[in-house]
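Biologist: I am new to this structure and would be grateful for a guided reading. Please show it first.

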Amino acid sequence: MQVFVAQVINGLSLGSIYVLLVTGFNLLLLVAMIIHFAYPQVVLFSMYIAWLVLRWTGNSVALAVAASVAASVAINLASAPLFQKIMKKREEVDINSTMVVSMGIGMIITDVLSHGFNKGLPISFPERFVGGAALFRLGLISLLSGQVLSLAVGVLAVSGIFLLLYKTREGRAFRAIAEDPAGARLVGIPLMSTGLQSYALSGILGGLIAVLLALMLGYASPGLGEQVAHKVLAVSIIAGLGNLPGGLVVGLALGVLESLIQGYLPGSWSNAVAFIVLLVVMLARPRGLFGIKL
Amino acid sequence: MSLPLYYFLTVTAINVLMSWALYLPYRVAHLHFLTVANMAISGYLGGWLVQNLGFSFWAALPIGLAAGGLLGWLLSLFIGDAPTFTVVIVGFTFIYITRTVIENTAAVGGTLGMFGLPLVAATPALHRWALLALLYALVLLVGFWIYRFDHSRLGRAASAVFVDKDLATSFGVDIKKLGRLLQVFSSTVAGGCGVIYGFLYRSFHLDFFTFHLVGLFMTIIFVGGYATMWGTVVAAPLLYGLTLLFPPEIASWRIVIYGVILVAVLVLKPEGFITRRLVLNLERLLSSRRKKNFTHKESV
């Protein structure tokens, strides 16, 4: 029972990161109308930038967080013109083109990380940065500061985004574009600048996720982005592309499922089992459990 | 034949076949990355049959083809008409599962891979010629089938599905059946390529079947042109040959180079270099020349 509770706690904190990733991904999908397959790679790149800044500044956490957010926003905004050029009109095949461009960007980021940083070896974050201190311990059950922080920031960030989307004027503009871009343009919503806002917002979110991932994992490697990318897209598909509440439920569920599998199965097989579960759900419901919101 | 030329020709042929395996399902807007997983599964299966059960390469090859087709068929029952992003992610998920299963299966060498696969012919020189002939015979055969498909009613139906699924359905196209047909065909081709790929290097290793391979095939079809089969024929040798010409320190960045080329082409020339219009114009030009020659001979 203790293993179960401990793994559920681990799973919730891991799931909160998936939720943040899926939320950022869905935001770009709904408002900018792109399938940003490389979004997790952007997050990974920000992790590497945070690591560099930590090394250069003697472990200044504030500067690392700022650099991580800045890097993520910069890449997102820099890639915006590429996507805008391709997304001339909103049709399925055009959305697919953005996905292929995004995969290309992902290839570039992954290979730059494998060649340009730490000789392609995995990086590890300093002890001071990683939230490894136990706030509470009872047998096998422990609550680490990193887990609490990631869960708290996750809840705050997702609540903030939901508040922004459903309680503010800007949020209404985002949702209007997601619902009907032509109609949104007719009522005077600027598609271009609102789209750019969504790039910036998901960039900020990406920077925060990078820091939380560093806190949770304590390391990063060039291949991490691809693996997370596939899980994030799988979560979005299972939830229903563009479905924010669905992403919340499925993201948390995947985190808990993965942790439980890791708790009860040998490590080398746990990832495969998680992927098999994702595959089975995707094959059974290719359009998602909660419905596509596009 | 020199070894570098042999490897250039054989790897190019594999790249052409595998890119066609991606091109065909993309005719109905499916990016079917299951092909790379199929390549690994059939390849390892073929290697295991030869090394552990004493099968010959020529017996393992059809089994590899059949295994690829069977797996493609099974999955196509579920994703025959799924949206593109679902097909993409199912493919990637399958690659991960395949890698983990192979890594943990001692019978196929686990993380170390399989080494010392036998020659497919009596001598090393014959082995090379046999594989080269087999690969280019496959290129011709698969190319002929794809050409016939592209110029058939089914090919036109696929084009209609690519542009507008609802419109194609209203014209009576069975989207699911067409998607399944193309997915099974591409999986079969990938299965065969997997077996040959391993015997080319006489070994199998998981590093052969990475996401870099997906990136390379994707770059070949999108840079060459996804709307016709000829784009692949032009782009495969150029893109692979290009990195061979670079000095090693630049060639090691080939994935970045492919990525930059892919993004640039998709932004600047979305249909790739060999467009459908270009192929049509060339076909018209050739047929008008043929007509001129014919009328000239008649008058003479």
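Biologist: Which residues of α10(A) are called buried, and what makes them so?

Modeller: Among them are A:Leu244, A:Leu248, A:Gly255, A:Glu258 and A:Ile261. A residue is buried if 20 or more other C-beta atoms, placed from the backbone, lie within 10 Å of its own. This is a predicted model, in which local features need pLDDT of at least 70, side-chain atom pairs count only at pLDDT 80 or more, and totals for chains, interfaces and linings use all residues. Residues are numbered from 1 along each chain as its sequence is written, while chains are lettered from A and ligands numbered from 1 in the order in which they are written.

Biologist: What makes α10 of chain A a helix, and what is its reach from first C-alpha to last?

Modeller: Helices are DSSP runs of H or I with at least four residues, numbered from the N terminus. Helix α10 covers residues 244-264, 21 residues in total. Its reach is 30 Å, close to the 30 Å expected, where the expected span is 1.5 Å times one less than the number of residues.

Biologist: Why is chain A called as compact as a globular protein of its length?

Modeller: The globule rule, 2.2 Å times the number of residues to the power 0.38, is set against the radius of gyration over C-alpha atoms. The rule gives 19 Å for 294 residues and chain A has 19 Å, so the description holds. Buried residues make up 53% of chain A.

Methods: A residue is buried if 20 or more other C-beta atoms lie within 10 Å of its own, exposed if 12 or fewer, and partly exposed in between; C-beta atoms are placed from the backbone. Helices (H or I, at least four residues) and strands (E, at least two) are DSSP runs, numbered from the N terminus.
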